[in-house]
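Please have the sequence and the 3D view open while reading.

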Amino acid sequence: MKPRIRQVLFDFDGVLAHYRHELRIAHLAAFADCRHERVRETLFDSGLETEYDGGLIDTATYLARLGDGIGTAVDEEIWIGSRMAGSRADEGVLAHIGALDPALPLGVLTNNGLLMANAIARIVAPVFPRLEGRVLCSGGLQLRKPDTAIYARALERLGWGAGTTLFVDDVFANVQGARSAGLHAETVTDARALSRVLKRYGLA
């Protein structure tokens with residue numbers, strides 16, 4: 001017997017959109033007129049991005065340290081622009097989402113800092129009205145997938161039950177974490193895989 005799914009929670013990078021570090025790095029390097037290596041070292045090699053994604057530092061501190069590292073002040077709009085430069089919505093996935101029952105609540109759980117919620121609104125603008133108010137970032141929850149506790153915290157914020165929630169992610173470790181927390185969870189890497197999962201759970 002198929003479980004009764006009452007809401008669906010999506011990962012973002014790798015599910016709703018394709019993401020490429022190098023394009024984001026190139027965008028920031030062009031803005032700051034610096035080497036790509038300097039951006040990479042500041043954002044990733046230093047651990048700055050991981051700290052922000054885990055909620056260990058706030059947005060103001062994150063942007064200040066990023067700007068100091070690349071030699072040019074970075075505000076929220078510049079950051080969002082760089083994230084958009086490195087992200088491309090999966091149109092096939094968005095089409096499947098658009099075809100879901102309008103009464104089915106949808107949300108996002110992503111391993112990103114809080115600024116990402118504003119970027120998501122623009123990257124997947126056609127379906128964002130279905131997600132608005134239900135985009136949860138690891139930075140805001142101060143936990144990261146696949147920690148089992150992040151799923152419980154996310155569901156508490158959303159007011160959803162684990163047994164009636166389907167979670168999809170492109171990383172199997174994150175799927176395992178969600179299953180350990182009692183959610184129904186499946187690996188999805190493209191529109192075809194999402195279509196199969198939605199049909200399996202009677203949602204399409």
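## Strand β1 and its sheet

In this predicted model, strand β1 (residues 7-10) is covered on both faces. Gln-7 and Leu-9 lie on one side and Val-8 and Phe-10 on the other, and all of these residues are buried. In a regular strand, side chains alternate between the two faces of the sheet.

Strand β1 pairs with two strands, β6 and β4. The table lists these pairings.

| Partner of β1 | Residues | Bridges to β1 | Direction |
|---|---|---|---|
| β6 | 165-169 | 4 bridges | parallel |
| β4 | 106-110 | 3 bridges | parallel |

On the β6 side, Leu-9 has Phe-167 as its bridge partner, and Phe-10 stands opposite Val-168. On the β4 side, the bridge partner of Val-8 is Leu-106.

Where does β1 sit in the order of the open sheet? The sheet has 5 strands, and their order is β5-β4-β1-β6-β7, which places β1 between β4 and β6. The pairing in this sheet is parallel. At the edges are β5 (135-137) and β7 (184-187), each of which pairs on one side only. From one strand to the next, the twist averages 20°.

A helix also belongs to this picture. Helix α7 (residues 116-123) packs on the sheet, where α7 touches β4 and β5. The direction of α7 makes about 140° with that of β5. Of the two strands that α7 touches, β4 is joined to β1 by 3 bridges, while β5 is an edge strand.

Note on methods. Residues are numbered from 1 along each chain as its sequence is written. This is a predicted model: local features need pLDDT of at least 70, side-chain atom pairs count only at pLDDT 80 or more; totals for chains, interfaces and linings use all residues. Side-chain values use heavy atoms; hydrogens and water are left out. Buried means under 20% relative accessible area, exposed over 50%, partly exposed in between (1.4 Å probe, protein chains only). Two strands pair if DSSP finds at least two bridges between them. Axes are lines fitted to C-alpha atoms, for helices over the stretch in contact, and angles run from 0 to 180 degrees between N-to-C directions. Contact means heavy atoms within 4.5 Å.
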